[in-house]
Amino acid sequence: MTGTEEAAQGSMPVTQLRQLPLQFLAWFRQLKPAARWVVVSAAGLVLAGLLALILVGRGNPRWEPLFTRLDPADAAAIVSQLEEKGVPYQLAQGGQAILVPGTEVDRLRLELAAQGLPREGTVGLELMDSIPMGATEFERQVQYVRGLQGELARTISRLDGVEAARVHVVLPEDSPFVGQRRPATAAVLVQLKPGASLAPEQVRSIMHLVASAVEGLKPEDVTVVDTTGRLLSAEVPPEEGQGAVVQGDRFEIERRFEQELQQSLQTLLEQVLGPGNVIARVNAELNFDQQVIERHLFQPPADGGQGILRSIQELQETFTGQGVPVGVPGDSNIPTYPQLVGGTGQYQRTERTANYEINEVVDRVQVAPGAVRRLSVAVVVNGDLTPQRQQALQQAVAAAIGTDPQRQDQVEVVGMPFDTSVADRLQQSLDEERQAREQARRMALLAGAAVLALLALGLLVAVWRRRRAARRAAAEAQMGGLGVPVQGMPGAGGLPGAVPPAAPAGAGAVGGPAAGAAAAWANGRAADAAAYDQVAELVKNQPEHVAQVIRSWLAERSGN
C-alpha cells in the first residue's frame, strides 16, 4: 500500500464526518411532510426535556455533606443548632451524616466549630467548667480523669489512619508507704479507617503521647488495641536499653527475618530457573540473649620506661642521743622500732615510694540481641538436576544467604518434578471460561450485526420502493404530458393482432356470455387502435422518451 493510499484512507473518516450533515439534510428532504413534522417534534421534545432538567437542577439546592460518621449525640446537637438557625438539612447514612445546601457548608462549619461541635462523641476538659462549688475532691478527680481521657481520644483521632479512639486511664491512690505504691496504667482502643493500618512507629508514638500526658505513667504501661482485638503494643519492638526481647516478639522477629531471606533467595533463583520452577524455604534460629563483655588490659609503656609518675611518698628518720639501734629483733621483714643500746650515737633512715601510671585498656562490648545462631535452607527445583548443576546452585544459595561454617548452617538443593495437576485444572477452567466469554462476545457481535443488517435491509427496501414509486409517477406524468393514455399500454389486449378470448364450448346462443365477451373485446380493440396509432407516431418522432418509458416498465415487472 502506497503512502498516497494510506493518506486517502486516513482522510476517509474526516470526509465522512464532513458529509454527515449533507447526508442528513438530503435524507430529511426526502421525507414526507408528516415524517418531517415527527422528526422536528421529537427533536424539540428532547431539547425541551434537557432544558427542563437544567432548570430543575438549578432550582433545587445542591446538597453537600456537612459532617459524616457522626456520633448520635453529636448528630442530635448539630441538628438542634440547624433547626434553631432555620437551615434546611437532610440525614443520610442512618443518621451519621448531615447534608446541607452547598452554599452554606463553609459558614455552618465555622459557626458549629465555634460552639465546639462536633465533639466526636467524647467530652474533654470542658467538664471542669461545669463542676459545682460544693463538689468533693473525689468528684473533681473523677471529672479530671474523664476530661483527660476525652482530650487524649480527640488527639489520637487526628492521627493518619485512625477514625476514632477511646482512652482509659487508671490512676492509683497515693500511699505513704513506698512498697504499696502502684504505677499508673492506660489502655487505648483505636478504630482504624477501612484499609488503613498502624505502623509500629505510630503505635509507639501513641504510647509515648499517653504516657507524657499522665503523671507517673511509663510508655511500656500503655496498652494499644484495635477494634479487631489485635494487640498493637505487643508488635512494637523495644527501645534500646529497655531489656531483653519478650517471647512473642522473638517469634515475630524470626518470622520476618526468614521471610526477607526467603524472598531474596526466591527472587534470585527465579531469575535463573524461571518463575514457578523453584521453591525456597528458610528456617532461622536467632540469639536474643543480651551480653555485656568488659575486659581490662594492662600494658607496659610504649617507650619502655617506667611510665607516668603519679605520686611520690618519702619517709626520713633521724636520731641523736643515748643508745644506738643495733638491730631489729625477730623477723627482719616485719617493720618495727629498732632496739636501743647504751651509749651515745646517731641514727638516720630514708624511705622513698614512687607510684607510676601504666597503660590500662577497658574494652566494654555489648552484644545486641538478634544475632543469627543457625540457618537451615531447603531449595526444591522443578525437574532433575545434574551433580554439577546441583553443586553450583548449592554454592550460589550458600553465598546468597551468607552461611557460616562455624554456625553449622545447612543448605540442601534437591531436584524433583512438581505436581502441576491442580494448576493444570485451574488453567483449563480459566481457558474454558475465557473461551466461553469470547464465544458470548462473538454471538453478541453477530446478533448486533444481524440486527444492523436487518435494519439496513429494511431501509434499502423502503428506499427502493420509494424510488420505484417516484419513477412510476414520473413516467406516468411524462406519458400523460405526451397525450398517450397510460391505462391501455401495459396490457396486450390493446395491441393490434391480439387474439380475442375463445368462447367456451356449447356457447352457441347469440345473446350468451360468449357473444357479450366477444363484443366487448371488439369494442376494446377498436378503442386501442387509436392508441396504437398515437404510440407509433410517438415512437417515430420521440424514440428516446419511448425507450425510457419501456425501460421503466421492464424494471417494474422484474421487480414484481
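# Close-up views of a predicted model

**View 1: Ser376.** At a relative accessibility of 18%, Ser376 counts as buried (buried is under 20% relative accessible area, exposed is over 50% and partly exposed is in between, using a 1.4 Å probe and protein chains only). You're looking at a predicted model, where local features need pLDDT of at least 70 and side-chain atom pairs count only at pLDDT 80 or more, while totals for chains, interfaces and linings use all residues. Residues are numbered from 1 along each chain as its sequence is written, and side-chain values use heavy atoms, leaving out hydrogens and water. Ser376 sits in strand β12, which covers residues 371–382 (helices are DSSP runs of H or I with at least four residues, strands are runs of E with at least two, and both are numbered from the N terminus). Its side chain makes a polar contact of 3.2 Å with the side chain of Arg374 (a polar contact is a pair of N or O atoms within 3.5 Å; within protein, one must be able to donate a hydrogen and the other to accept it, and residues adjacent in sequence count only if both atoms are side-chain atoms). Setting aside neighbours within four places in sequence, Ser376 is in contact with Arg281, Val282, Asn283 and Gln410 (contact means heavy atoms within 4.5 Å).

**View 2: Gln266 in helix α7.** Here we move to Gln266, found in the helix that runs over residues 247–273. Gln266 is buried because its relative accessible area is 17%. Follow its side chain and you get to the backbone oxygen of Val278, at 2.8 Å. Val278 turns up again among the contacts of Gln266 beyond four places in sequence, together with Ile279 and Ala280.

**View 3: the second largest pocket.** This pocket holds about 630 Å³ of space. It has 20 lining residues, and the closest to its centre are Gln141, Leu171, Pro172, Glu173 and Asp174. (On a 1 Å grid over the protein atoms alone, a pocket is an open set of points with protein on both sides within 12 Å along at least five of seven lines, and lining residues have an atom within 4 Å of a point; volume is the space filled by probe spheres set on the points, which are joined across faces, edges and corners.) Helix α5, residues 137–157, gives the largest share of the lining, with six residues. Sorted by class, the lining has eleven nonpolar, three polar and six charged residues (Ala, Val, Leu, Ile, Met, Phe, Trp, Tyr, Cys and Pro count as nonpolar, Asp, Glu, Lys and Arg as charged, and the others, Gly among them, as polar).

View 4: Gln93 isn't a glycine, yet it has a positive phi of about 55°. You'll find Gln93 in the loop between β2 (90–92) and β3 (97–101), and it's exposed at 53% relative accessible area. Gln408 isn't a glycine either, and its phi is positive at about 60°. It belongs to the loop between α8 (387–401) and β13 (410–416), where Gln408 is exposed, with a relative accessible area of 59%.

View 5: Phe288 lies in the loop between β7 (278–287) and β8 (291–299). With 6% relative accessibility, Phe288 is buried. Its C-alpha atom is 9.5 Å from that of Arg373, even though 85 residues separate them along the chain. Asp71 is in the loop that links β1 (63–67) and α3 (72–85), and it's partly exposed at 31%. Asp71 and Ala97 are 26 residues apart in sequence, with 9.5 Å between their C-alpha atoms.

View 6: An unreviewed UniProt entry lists residues 34–56 and 444–464 under "transmembrane region" (UniProt positions are in the numbering used here, feature names are shortened, and annotations may be inferred rather than shown by experiment). In the model, residues 444–464 are 100% helix and 0% strand, with 30 Å between the end C-alpha atoms. Zooming out, the protein has eleven helices and 13 strands. Of its 560 residues, 20% are buried. Among contacts between residues at least 6 apart in sequence, 66% join residues at least 24 apart.

Conventions: 1 Å grid on protein atoms, 1.4 Å probe; cavity = no way out; pocket = protein on both sides within 12 Å on 5 of 7 lines; lining within 4 Å.
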